[in-house]
Amino acid sequence: KLSYEELEAKVDFLEKKVQLVDELQIQINTNSQFLQILLDTIPNAVFYKDTNCIYQNCNDAFSKTILGIPKEKIIGKSLFELPDVIPAEKAKVYDEKDKELFNNPGTQFYEGNVKCSDSVVRSFFFYKATVEDEFAKVIGIVGVMLDVTDIKLNQLKLDEKNKELKTLSDTDSLTNVYNRRKFDELF
């Protein structure tokens, strides 16, 4: 049997441990809140899925801009459980990409068009990576979607302007026939 002093020492030790656990829980909650605010502040769509391809988290850009529904209606569901916002044919493509990444852990990049919540179809670069636990076991996928619609449109405009410049540099402005430079190039 323990003496009264030994019992008091154990109680004191346990009270300190409980206090430490409480302090750690406050730190965890603060860090979790910080990370969610940081995630929601990022203007690019970000999401996280577990190994069953079930959404575990996402940011406001993904929930509001891409899907147009609250996070609470996304988290805990798969691509196929959101048919009102993710068409079946797109869900199948994304699911195949996810499975490909799970089978070959690391990173993945691809491009795709997405009809967003405002009904506008935009071009996105998809950057995905597997997430591993401390034992190097894959536990999920994190994904970031970068809207490149404006870049693609500007590239098309630039290509058109370059073609126009090429034509102008090859033809005489008065006669509209090839100039000496184009003649030399052809012959």
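Ala136 counts as exposed, because its relative accessibility is 52% and the cut-off for exposed is over 50%. The model is a predicted one. Ala136 sits in the loop between E4 and strand E5 (138-147). Its backbone stands out. Ala136 is not a glycine, yet its phi is positive, at about 65°. Asn176 shows a positive phi of about 65° as well, and Asn176 is not a glycine either. Most residues other than glycine have a negative phi. Asn176 is placed in the loop between H4 and H5. With a relative accessible area of 61%, Asn176 is exposed.

Salt bridges were searched for next. The whole structure holds 15 of them. One joins the side chains of Lys49 and Asp98, with an N to O distance of 2.5 Å. This pair links distant parts of the chain. Lys49 belongs to strand E1 and Asp98 to helix H3, and the two are 49 residues apart. Both Lys49 and Asp98 are buried.

A second salt bridge is formed by the side chains of Glu111 and Lys152, at 2.8 Å from N to O. Glu111 is in strand E3 and Lys152 is in helix H4 (residues 149-170), so the contact ties together parts that lie 41 residues apart in sequence. Glu111 is partly exposed, because its relative accessibility is 43%. Lys152 is also partly exposed, at 33% relative accessibility.

The side chain of Lys166 meets that of Glu185 at 3.5 Å, N to O. Glu185 is partly exposed, with a relative accessible area of 48%. Lys166 counts as partly exposed at 39% relative accessibility. Elsewhere, salt bridges form a network that links Asp40, Asp60, Lys64 and Lys71.

Rolling a probe the size of a water molecule over the atoms shows where empty space is left. The largest pocket holds about 230 Å³ of space. Its lining is made of 20 residues, and those closest to the centre are Ile66, Leu67, Ile86, Tyr94 and Val114. Several elements contribute. At least two lining residues come from each of E1, helix H2 (60-67), H3, strand E3 (107-115) and strand E4 (121-132). Strand E3 gives the most to this lining, with four residues. By type, the lining of the largest pocket has 15 nonpolar residues, one polar and four charged.

The second largest pocket has a volume of about 170 Å³. Its lining consists of Ser32, Leu35, Gln36, Leu38, Leu39, Val46, Phe47, Tyr48, Asn57, Cys58 and Val142. H1, E1 and strand E2 (55-58) are the elements that give two or more residues to this lining. H1 gives the most, with five residues. In the lining of the second largest pocket, eight residues are nonpolar and three are polar, and no residue is charged.

The surface carries a nonpolar patch. Phe34, Leu35, Leu38 and Ile42 make up this patch, which covers about 370 Å². Ile42 is located in the loop between helix H1 (4-41) and strand E1 (45-50). Ile42 is partly exposed, because its relative accessibility is 31%.

Lys99 counts as partly exposed, with 45% relative accessibility. Lys99 and Arg122 are 23 residues apart in sequence, and their C-alpha atoms are 24 Å apart in space.

Definitions and conventions. Residues are numbered from 1 along each chain as its sequence is written. This is a predicted model: local features need pLDDT of at least 70, side-chain atom pairs count only at pLDDT 80 or more; totals for chains, interfaces and linings use all residues. Side-chain values use heavy atoms; hydrogens and water are left out. Buried means under 20% relative accessible area, exposed over 50%, partly exposed in between (1.4 Å probe, protein chains only). Patches are made of residues with over 30% relative accessible area and no salt bridge: like charges are joined within 9 Å, nonpolar side chains (Val, Leu, Ile, Met, Phe, Trp, Tyr) within 5 Å. Accessible areas come from the Shrake-Rupley method with a 1.4 Å probe; for residues, only the protein chains shown count as cover. A salt bridge is a side-chain nitrogen of Lys or Arg within 4 Å of a carboxyl oxygen of Asp or Glu. On a 1 Å grid over the protein atoms alone, a cavity is a set of points where a 1.4 Å probe fits but cannot get out, and a pocket is an open set with protein on both sides within 12 Å along at least five of seven lines; lining residues have an atom within 4 Å of a point. Grid points are joined across faces, edges and corners, and a volume is the space filled by probe spheres set on the points. Ala, Val, Leu, Ile, Met, Phe, Trp, Tyr, Cys and Pro count as nonpolar, Asp, Glu, Lys and Arg as charged, and the others, Gly among them, as polar.
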